[in-house]
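Please load the model in your viewer and keep the selection panel handy. We will go from one stop to the next.

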Amino acid sequence: MPASLPPGFLAESLGRIKPSPTIAATQKARDLKAAGRDVIGLGAGEPDFDTPDNIKEAAIAAIRRGETKYTAVEGIPELRAAVARKFKRENGLDYTPAQCFVGPGGKSVIYAAMMATLNPGDEVICVAPYWVSYPDIVLLGGGKPVIVDARIEDGFRLQPEALERAITPKTKWIIFNQPSNPTGACYTPAQLKGITDVLLRHPQVWILTDDMYEHLVYGGFKFTSIAAAEPRLYERTLTVNGVSKAYSMTGWRIGYCGGAEPLIKAMTKLQSQSVSNPTSISQWASVEALNGPQDFIPKFQKIFEERRDLVVSMLNQAAGMECPKPEGAFYVYPSIRKLIGKETPGGKKIQTDEDFANELLETEGVAVVHGAAFGLSPFFRISYATSNQLLEEACRRIQRFCGNLR
Ligand SMILES: Cc1ncc(COP(=O)(O)O)c(C=O)c1O
């Protein structure tokens, strides 16, 4: 077998993107653990809970019924009907089943939307710190990501003036995400109004809202999806969601969206020539997830809220660290501005947030993801979707690491 490929063999588009840094960080932690190191992985973006039993049973029943064949490209009618009901029930949004689309994961739904719409030169606004995949999906689709910073001083929320400045006649989409991965930031209806007022003035801009973490909000925060906050944007909003985070179903690979029927048809055309359809069994499990009892969601919420409070409190006691308390998701995004330029006892200088993450992993065995991966430095992301005991130990190690910096 050749050790390398002939020059020019790989697609140029692949040269524009990088492998997912969060998946890479998770893998690095796994490898070190497998090699016998004592490593606490706080890199992975997935709940540590098991998928609820009623959902598993629905999948087993689907297999027994023989629901094991190709399905409709855009998802089985039963799931699209469940998605339409979910949007009405939880978000107050009216989508008919024909306006709903199912793909193999939320990531795949976003990918389909971008691939189906982007032409060379089209600009897509991504709010930094962003979920790592947005800019790379835009680049794969031949578009141009336009990064707008959401600063820690503004609670990591996009500010209307910054959005206004970023919009050009070439702006096709804004990818909007709340609760945010990686900061956990959410928007109240008043905060959304600032954003939607700007968008109303620019009718060429479509909105892809990624509501994947909507159920993971704390302290009584009430989530509002952007098209519900401003119904005049409904026609040009694609509302994306999925079962991965809310139902602890990351491995099942089901995401969905609601939007304008012609856009849904275009995404279906693309999916018909790529993945064909999401897995039949996972689709039936997702019907149960959306239609079945929702009582475990508040239980998940309560556990995550306690963990958030624990992590925020312990990280704010680490020397030089500033950790805002977010309203949602299961991430915190602390600032290490005051630690940049310091040295470890071993003489390594911390010049970037990547140095910080690497040294933390090397010396204390705690795996986090550095802020540059999310487009805003100097920060790092912790996923607190793990046990209190591990979180406490990890935070103690971070405190020790920071305390030893000079
Ligand atoms: C903000 C955000 N959107 C979408 C996804 C993708 O979810 P899925 O696993 O369903 O593809 C993730 C997963 O990490 C995410 O954090």
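Predicted model: local features only at pLDDT ≥ 70, side-chain atom pairs only at ≥ 80, totals over all residues.

Residues are numbered from 1 along each chain as its sequence is written, and side-chain values use heavy atoms, with hydrogens and water left out.

**Stop 1: the ligand**

Now display the polar contacts, pairs of N or O atoms within 3.5 Å. A backbone N or O atom of Gly106 sits 2.7 Å from a ligand oxygen atom, and one of Lys107 sits 2.9 Å from an oxygen atom of the ligand. From Arg253, a polar side-chain atom lies 2.8 Å from a ligand oxygen atom. Taken alone, the ligand exposes 390 Å², and the protein buries 92% of that (Shrake-Rupley method, 1.4 Å probe).

**Stop 2: the cavity**

Next, select Val127, Pro129, Asn177, Ser180 and Tyr187. These lie nearest the centre of the largest cavity, which is lined by 15 residues. A cavity is a set of points on a 1 Å grid over the protein atoms alone where a 1.4 Å probe fits but cannot get out, and lining residues have an atom within 4 Å of a point. Strands S3 (123-128) and S5 (171-177) are the elements giving two or more residues to this lining (strands are DSSP E runs of at least two residues, helices H or I runs of at least four). S5 provides the largest share, three residues. By class, the lining has 11 nonpolar, four polar and no charged residues.

**Stop 3: backbone details**

Keep Pro129 selected: the peptide bond from Ala128 to Pro129 is cis, with omega near 0°. Pro129 belongs to the loop between S3 and helix H6 (133-140). Then jump to Ser377 and Pro378, whose peptide bond is also cis, with omega near -10°. Pro378 lies in the loop between strands S11 (369-370) and S12 (380-383). Finish at Ser276, a residue other than glycine with a positive phi, near 70°, in the loop between helices H10 (261-272) and H11 (280-291).

Note on methods
1 Å grid on protein atoms, 1.4 Å probe; cavity = no way out; pocket = protein on both sides within 12 Å on 5 of 7 lines; lining within 4 Å. Nonpolar A, V, L, I, M, F, W, Y, C, P; charged D, E, K, R; others polar. Polar contact = N/O pair within 3.5 Å; in protein donor to acceptor, adjacent residues only side chain to side chain.
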